[in-house]
Amino acid sequence: MGGYTLIENAPLATRNTLRVDARAQLLAEIRDASKLPELLDFPAVRAGPLLVLGEGSNVLFTGDFAGTVLVMATRGVHVEALAASGKPVDSDGDSARIAVAAGERWDDFVRWTLGQGYAGLENLILIPGTVGAAPIQNIGAYGCEVAEFVESVEAWDTRERRVVTLDHTACAFGYRDSLFKREPGRYIVTAVRFVLPRSRPLRTDYAGIDEELRRMGVGKPAPFHVAEAVVHLRTRKLPDPAVIGNAGSFFKNPLVEAALAERLAREHAGLVAWPQPDGRSKLSAAWLIERAGFKGLREGDAGISNRHALVLVNHGKASGPQLWALAQRVMLGVHEKFGVQLEPEPLIIGAC
Ligand code: FAD
Ligand code: EPU
C-alpha cells in the first residue's frame with residue numbers, strides 16, 4: 001500500500017489553523033496522485049463523504065467529520081516543455097509554464113519563483129496553504145489574484161471518475177470564487193499549471209505598498225522588493241496562526257449595488273468602498289464589523305481580533321460551534337446596522 005497512509009479516528013487540531021479540536025473518521029494522506037483512484041475505491045472511503053484538505057487555513061470544523069478527510073501531500077515543481085515544439089516555454093527568456101503538485105506549500109512556491117527570476121506572484125507572498133487550494137477561492141492580496149497566472153488546473157473528477165484538465169476559462173474565477181466553489185466536492189485538484197513572465201509592470205499602488213517601499217528606501221523596485229514590502233505589511237496587519245488560531249479574513253468583502261453603497265456612504269461617514277468595473281461596489285467588511293462594535297470582542301475563547309476586525313480568532317480552546325456562533329452574531333449585527341449580508345470566506349464544515 002504505497003503512496004498513501006490511512007488513519008482511523010484521526011485528530012485534526014493540528015491540521016486546521018483555527019486549531020479546532022475535531023476528528024476525522026478516516027484520514028487519508030496521499031503522496032502519489034496516481035494512487036487516487038485506488039484510494040477512492042476503498043469501501044471505507046466510498047461509504048462516507050469526502051473532504052479534501054490542504055493546510056486547513058481556510059476551513060472551520062463545527063464538529064467531527066463522519067467520513068474521509070483526504071490530505072493532499074503530493075510534491076513536485078516542473079518547468080514544462082511546449083507540447084508542439086518540445087522546447088521549454090521560457091527558451092525565449094520571456095515566460096515559463098510551471099506545473100506544481102497540489103501539496104506544495106504556496107509560500108514556498110512563490111519564493112522559488114522569485115528566486116528563479118520570475119515575476120507575478122510577489123504580491124501573493126506569505127498566504128498560507130497549499131498550491132492545490134489556491135485556485136479554489138482564487139487567492140488574492142494586494143491588488144492581485146492567482147487566476148491571472150493560472151493556465152489550467154488538473155483534477156480528479158469524482159463524478160466522471162477520470163483526470164480532467166480545466167483551462168483558465170473553465171475555472172470561472174471570480175473574487176474569492178471559482179468553479180470549484182460552485183461545484184463543491186466534485187474536483188480533487190492534483191496540480192496547477194502557471195504561466196509566469198520574466199517581467200511585468202509591478203503593482204505597488206495598492207494598500208500601502210508604495211509607502212512601505214519608500215520606508216525601505218527602495219526607489220526602483222524589483223519583484224523581490226515588492227514581496228518584502230508585502231511581507232512587512234502582512235506581518236504588521238494580520239495575526240500569526242502560529243501564535244493565535246485564525247483563518248485569515250473570516251468574511252468576504254461584500255459586493256453591493258452602487259445605489260446601496262452611495263446611500264451607506266451618505267449615512268455613515270468614512271465608509272470604505274471600492275468601485276468595481278461592473279458598476280457595483282466592494283465594501284470593506286472589516287470597516288463594517290469594526291463600526292458595528294465587534295472588533296476585539298471576546299466570548300470565552302472565541303474572539304474577533306483586536307488587530308484586524310475581519311479575523312475570527314481562537315484564544316485557546318474555543319470549539320467549532322463557539323467560533324461559528326460568534327461569526328453568526330457578527331453577521332447578524334452587521335446586517336442589523338447596515339442592511340448588508342456578510343458571507344463567510346472559509347468552508348464551514350458540518351454546519352446546517
Ligand atoms: P484548506 O483550508 O485546507 O482548504 C480550503 C478549501 O479548499 C476547502 O474547501 C478544501 O476542501 C479545498 N481544497 C483544498 N485543497 C484542495 C484540493 N487539492 N482539491 C480540491 N479542493 C481542495 N486567502 C487569500 O485569498 N488571501 C489572503 O491574503 C489570505 N491570507 C490569509 C492569512 C492567514 C493568516 C490565514 C490563516 C489564511 C489566509 N488566507 C488568505 C486563506 C487561505 O490561506 C487560503 O484560502 C488558502 O488557499 C487555503 O489553503 P489550504 O491548503 O490551507 O486549504
Ligand atoms: N479596516 C478597518 N478595521 C480593521 C481593519 C481594516 O476598518 O480592523 C479597514 C481599513 O479602512 C482598511 C480596509 O479595511 O484600509 C482594508 O483593510 P486591509 O487592507 O487589511 O484589507 P481587507 O479588505 O481587510 C483583503 C483580503 C485579505 C488580503 C488583504 C490585502 C478579503 C476578504 N480579504 O482584506 O485576504 O490579504 O485584502 O490585499 O478580500 C483572506 O482572504 O484571508 C485575506 C487575509
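User: How many aromatic pairs does a search of the whole structure find?
Analyst: The search finds 9 aromatic pairs. Keep in mind that this is a predicted model.

User: Give me one. How are Trp 106 and Phe 109 arranged?
Analyst: Trp 106 and Phe 109 form an edge-to-face pair. Their centres are 5.9 Å apart, and the planes stand at 65 degrees.

User: Where do Trp 106 and Phe 109 lie?
Analyst: Both lie in helix 3, which covers residues 106-115. They are 3 residues apart, about one turn of the helix.

User: Is Trp 106 buried or exposed?
Analyst: Trp 106 is buried, because its relative accessible area is 0% and the cut-off for buried is under 20%.

User: And Phe 109, buried or exposed?
Analyst: Buried too: Phe 109 has a relative accessible area of 2%.

User: What kind of pair do Trp 106 and Phe 194 form?
Analyst: A tilted one. The centres are 5.9 Å apart, with 50 degrees between the planes.

User: Which parts does that pair tie together?
Analyst: Trp 106 lies in helix 3 and Phe 194 lies in strand 12, residues 187-197, so the pair ties together parts that are 88 residues apart in sequence. Phe 194 is buried, as is Trp 106.

User: Which residues form the aromatic cluster?
Analyst: Trp 106, Phe 109, Trp 112 and Phe 194 form one cluster.

User: New topic. What sits over the ring of Tyr 175?
Analyst: The charged end of Lys 282 does. It is 3.6 Å from the ring centre.

User: On to ligand 2. Which residues come nearest?
Analyst: Ligand 2 has 23 residues around it. Tyr 142, Tyr 175, Glu 290, His 308 and Glu 345 come nearest. Note that Tyr 175 is also the residue whose ring has Lys 282 over it.

User: Which atom of Ser 249 lies 2.8 Å from an oxygen atom of ligand 2?
Analyst: A backbone N or O atom of Ser 249. Ser 284 uses its side chain instead: an N or O atom there is 2.9 Å from an oxygen atom of the ligand. For Ala 309, a polar backbone atom is 2.9 Å from a ligand oxygen.

User: How much of ligand 2 does the protein cover?
Analyst: On its own, ligand 2 has 830 Å² of accessible area, and the protein covers 82% of that.

User: Which elements give two or more residues to the shell around ligand 2?
Analyst: Helix 6 (223-237), strand 13 (245-249) and helix 8 (285-291). Helix 8 gives the largest share, 3 residues.

User: How do the residues of that shell around ligand 2 divide?
Analyst: There are 11 nonpolar, 5 polar and 7 charged residues around ligand 2.

User: Now ligand 1. How many residues surround it, and which are the closest?
Analyst: Ligand 1 is surrounded by 33 residues. The closest are Val 52, Gly 54, Ser 57, Asn 58 and Thr 130.

User: What distances do Val 52 and Ser 57 keep from oxygen atoms of ligand 1?
Analyst: A backbone N or O atom of Val 52 lies 2.6 Å from an oxygen atom of ligand 1. For Ser 57, an N or O atom in the side chain is 2.7 Å from an oxygen atom of the ligand. A nitrogen atom of ligand 1 is involved as well: a backbone N or O atom of Val 189 lies 2.8 Å from it.

User: How much of ligand 1 does the protein bury?
Analyst: The protein buries 92% of the 980 Å² that ligand 1 exposes when taken alone.

User: Which strands each supply at least two residues of the shell around ligand 1?
Analyst: Strand 3 (50-53), strand 8 (140-141), strand 12 and strand 13. The shell around ligand 1 divides into 17 nonpolar, 12 polar and 4 charged residues.

User: Where does Gln 137 lie?
Analyst: In the loop between helix 3 and strand 8. Gln 137 counts as buried because its relative accessibility is 9%. Its side chain makes a polar contact with the side chain of Asn 58, at 3.1 Å.

User: Last one. Is Pro 184 buried or exposed?
Analyst: Exposed, at 63% relative accessibility. Pro 184 lies in the loop between helix 4 (179-182) and strand 12.

Terms used. Residues are numbered from 1 along each chain as its sequence is written. Chains are lettered from A and ligands numbered from 1 in the order in which they are written. This is a predicted model: local features need pLDDT of at least 70, side-chain atom pairs count only at pLDDT 80 or more; totals for chains, interfaces and linings use all residues. Side-chain values use heavy atoms; hydrogens and water are left out. Rings of Phe, Tyr and Trp (its six-membered ring) pair if their centres lie within 6.5 Å; planes under 30 degrees apart count as stacked, over 60 as edge-to-face and the rest as tilted. Helices (H or I, at least four residues) and strands (E, at least two) are DSSP runs, numbered from the N terminus. Buried means under 20% relative accessible area, exposed over 50%, partly exposed in between (1.4 Å probe, protein chains only). A charge sits over a ring if NZ of Lys or CZ of Arg is within 6 Å of the ring centre and within 35 degrees of the ring normal. A residue is near a molecule or strand if one of its heavy atoms lies within 4 Å of it. A polar contact is a pair of N or O atoms within 3.5 Å; within protein, one must be able to donate a hydrogen and the other to accept it, and residues adjacent in sequence count only if both atoms are side-chain atoms. Accessible areas come from the Shrake-Rupley method with a 1.4 Å probe; for residues, only the protein chains shown count as cover. Ala, Val, Leu, Ile, Met, Phe, Trp, Tyr, Cys and Pro count as nonpolar, Asp, Glu, Lys and Arg as charged, and the others, Gly among them, as polar.
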